[in-house]
Amino acid sequence: MNSPSNLTPSAKRLISSMRDLGYEFADAVAEIVDNSIQAGANVIQVNLQFDGYDSYLTVLDNGVGMTPSEIREAMRFGSMRDYEQDDLGKFGLGLKTSSLSQCDSLTVSSRNSEKKVQLHSYSWDMDHINKVDRWEILPIEIDDLLNPVVEHLYSTTGTAVTWEKLNRLLNFQNPAGGRAENDFKKLIQDLKVSLGATFHRYLTGEQRSKKVMIFVNGDLVESWDPFCRTEKNTVELESFAIPISMDGKKGLVKFRPFVLPAQSQFSSSSAHLRAGGPAKWNKQQGFYIYRAGRLLQSGGWCGLRTSDEHSKLARVLVEIPAGFDDLFKVNISKMKINFPREMREETMHKLAPTLKKANDSYRTQGEASFSDTSVYEADDKQFEMLVSNSLSKLDSDWHLSPGTVGNVLPKLYGQATPSERRYLLRIFKRLAGEEKISEKTAV
Ligand SMILES: Nc1ncnc2c1ncn2[C@@H]1O[C@H](COP(=O)(O)OP(=O)(O)OP(=O)(O)O)[C@@H](O)[C@H]1O
Ligand SMILES: [Mg+2]
């Protein structure tokens, strides 16, 4: 009988295609932070240094660290280890795929002994891979490491991940120029916001008893709670769970719906602005899907409905139970989630009261914007009612006479263009007490 043939894939070709799994910069960094948290770190320092072609990123943690053979295994595409139920890792790929999606050189340095100051480092270097086309990592001498990495691992056990040759990140005609530098600064700002959202439960200690501190270029990352639970006007609706099963296993997907306050009901305008989140209000409505306490998806309705103005105050916490990743098709970059088909109808049915409440708050609390046509449309009958309600509630604060409200404005309305009509309807809604005036929406 012929013996099986072992076909090793081309390293050059396979790695280069794995670099394009679609990581955004902040999501790639989050993969590295995942690993640090999983290794028990409670202080994680992300540093980005702009220096043209020599720019680099380091992620330094104070976790348990790795022995040299553990580092080599960690560097393997599809590395092997046993995973716990609520493990942040899953595929054995994140470290490599996320790093090489952003850089051409990934170095992992680690120290695992409390007593002995011994560190070991290995690199995946794309120039080397492209030359030899073999699955080879390079051992790196201490002298060739960046100073901050050496200093860090002299002071603690832990791991340092270094990204160099940031060609992909600094994809500018002149990677040392002002535009590249400005872009780099923006990346740093956005990274703080994104990590604050992705790991908010770890940052506050809600997830594990030990709080995690993440620093970006020395600044402590602030946690961002999508549900604004410290705002007194945030409403939490009744939570519910939907049973699911996979391969004979049964589990529960837990939902906690929230309706956030409209702008006028927030404690301050800065709190409202911050609550808008990384992608801003309209895009941040929807599901917040957590796996092992880490935010995988921040907003959006997973194709169950479209995002619109009327539901922008609705945010729903969704917890994927441990061991059910496959049902949600959690992909390697942990950036995409699929809602299992069998859950969709029940989910939307159970969310109906949340969406109604979000819509009501939006309409009554002065959140509706002038451009939102559906709120400012009325047929003749509705308009008549509105005029009569306005007259009955008219008070001296408005400095408008009943004649103006009952005759002049309706006449104007009759001759107005659609956009002027919306403007007038808005005034009538306020006169009738149907819409509160907030700072933002004052006519
Ligand atoms: N900062 C770290 N400290 C200690 N061990 C680490 C660290 N980073 C990575 N490792 C080890 O390297 C392994 C490979 O990491 P990698 O991110 O590639 O895969 P994973 O975390 O197992 O799964 P996933 O692909 O879902 O991220 C980890 O399983 C872990 O054992
Ligand atoms: Mg990982």
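Q: Where is Gln85 placed?
A: Gln85 sits in the loop between helix H3 (68-75) and helix H4 (94-102). Helices here (H or I, at least four residues) and strands (E, at least two) are DSSP runs, numbered from the N terminus.

Q: Before we go on, what kind of model is this?
A: This is a predicted model, where local features need pLDDT of at least 70 and side-chain atom pairs count only at pLDDT 80 or more, while totals for chains, interfaces and linings use all residues. Residues are numbered from 1 along each chain as its sequence is written, chains are lettered from A and ligands numbered from 1 in the order in which they are written, and side-chain values use heavy atoms, with hydrogens and water left out.

Q: Thanks! Is Gln85 buried or exposed?
A: Gln85 is exposed, with a relative accessible area of 63%. Buried means under 20% relative accessible area, exposed over 50%, and partly exposed in between (1.4 Å probe, protein chains only).

Q: And how far apart are Gln85 and Arg305 in space?
A: They are 31 Å apart, C-alpha to C-alpha, and 220 residues apart in sequence.

Q: Switching to ligand 1: how many residues surround it, and which are the closest?
A: Ligand 1 is surrounded by 20 residues, the closest being Arg81, Tyr83, Lys90, Gly94 and Lys96. To count as near, a residue needs one of its heavy atoms within 4 Å of the molecule.

Q: Which atom of ligand 1 does Asp61 face?
A: A nitrogen atom, at 2.9 Å from a polar side-chain atom of Asp61. For ligand 1, a polar contact is a pair of N or O atoms within 3.5 Å.

Q: What about the backbone of Phe91 and Leu93?
A: A backbone N or O atom of Phe91 is 2.9 Å from an oxygen atom of ligand 1, and one of Leu93 is 2.7 Å from an oxygen atom of ligand 1. The protein covers 92% of the 590 Å² of accessible area that ligand 1 has on its own; such areas come from the Shrake-Rupley method with a 1.4 Å probe.

Q: New topic: why is strand E4 largely enclosed?
A: Five of the six residues of E4 (residues 120-125) are buried, so the rest of the structure largely encloses this strand.

Q: How does E4 pair with E3?
A: In the antiparallel sense, over six bridges, with E3 spanning residues 105-111. Strands pair if DSSP finds at least two bridges between them. Ser109 stands opposite Ser121 in E4.

Q: And with E5?
A: E4 and E5 pair in the antiparallel sense too, over two bridges, and Tyr122 stands opposite Pro139 in E5.

Key: A polar contact is a pair of N or O atoms within 3.5 Å; within protein, one must be able to donate a hydrogen and the other to accept it, and residues adjacent in sequence count only if both atoms are side-chain atoms.
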